[in-house]
Amino acid sequence: MLRVFEAFSGVGSQCMALRNLNEKYKIVATCDTDEFATLAYYHTHANGKKTKKKYNDKQKKEFIISRGIGNKHKISKMNPEMLDSLFNAVDVCNNLGDITKIDVKDVPDHDLFTYSFPCQDISSVGTQKGLDIGSGTRSSLLWECRKIIENKKPKYLLLENVKNLTTGKNKQNFNDWLKYLEKQGYTNYWKIFDAKNYGIPQRRPRVIVVSKYGK
């Protein structure tokens, strides 16, 4: 059974792929700050499972806000029905929330770590602000993954992002990231794939990096 932690999980497309391949896997944790993505992930992957926590509305709000999920003001004003749905989704899918706030002691052991970080600052149609360490861009959240990789040493790592990650001013950061993984004991394999070559009527080039711990 492959234990999976999906960071920047969105709707869980990587676990969708595992499901479509009939792989045996278990989602042990997710990580996303968007409340609607959190709900979508739950409805896609949790099979209607319900939380066992008996929290009142105040405790539910504090739980969600403490993980940096959604807008604090919006969560505090959320109606009971919506609050109950979001709390259930966060707890059942073990959404650890804001990756900058994650304590590695709260991260379960896992075999596969997926970390397809935000592309807005490196995409050709994005802000072009880059992903330098300490830059504060959304794409620089990649570097927050180091604490998880260093402390948990998952057997496999999976990254998907825009082709621009491998070119231009982003190329040095991409190469630095691969070198960092090698120093951690990983062997990296990467390639650019285009959706048009896989039955999708759209040109959508993406780089996919698979890293395996050891040789």
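# Salt bridges and a buried glutamine

User: Which residue does Lys-74 meet in a salt bridge?
Analyst: A salt bridge puts a side-chain nitrogen of Lys or Arg within 4 Å of a carboxyl oxygen of Asp or Glu. Here the N to O distance is 3.1 Å. The partner of Lys-74 is Glu-35.

User: How many residues apart are Lys-74 and Glu-35?
Analyst: Helices are DSSP runs of H or I, at least four residues, numbered from the N terminus. Lys-74 sits in helix 4 (residues 72-76), and Glu-35 in helix 2 (residues 35-45). The pair links distant parts of the chain, and the separation is 39 residues.

User: What basis do these values have?
Analyst: The model is predicted, so local features need pLDDT of at least 70 and side-chain atom pairs count only at pLDDT 80 or more, while totals for chains, interfaces and linings use all residues.

User: Is Glu-35 buried or exposed?
Analyst: Buried means under 20% relative accessible area, exposed over 50%, and partly exposed in between (1.4 Å probe, protein chains only). Lys-74, at 38%, counts as partly exposed. Glu-35 has 7%, so Glu-35 is buried.

User: Which residue forms a salt bridge with Asp-84?
Analyst: Asp-84 is in helix 5 (residues 80-92), and its partner is in helix 3 (residues 57-66), 24 residues apart. The closest N and O atoms are 2.9 Å apart. The partner is Lys-60.

User: What is the relative accessibility of Lys-60?
Analyst: Asp-84 is partly exposed, because its relative accessible area is 38%. Lys-60 counts as buried, and its value is 9%.

User: How many salt bridges does the structure hold?
Analyst: One of them joins Lys-147 and Glu-144, with closest N and O atoms 3.6 Å apart. Glu-144 is partly exposed at 27%. The total for the structure is 9.

User: Which side chains make polar contacts with the side chain of Gln-14?
Analyst: A polar contact is a pair of N or O atoms within 3.5 Å; within protein, one must be able to donate a hydrogen and the other to accept it, and residues adjacent in sequence count only if both atoms are side-chain atoms. Gln-14 lies in helix 1 (residues 13-20), and its 13% relative accessibility makes it buried. Another, at 2.6 Å, is with Ser-116.

User: Which residues is Gln-14 in contact with, leaving aside neighbours within four places in sequence?
Analyst: Contact means heavy atoms within 4.5 Å. Beyond those neighbours, Gln-14 is in contact with Glu-6, Thr-114, Ser-116 and Leu-158.

Key
Residues numbered from 1 in each chain as written. Heavy atoms only, no water. Helix = DSSP H or I, 4+ residues; strand = E, 2+ residues; numbered from the N terminus.
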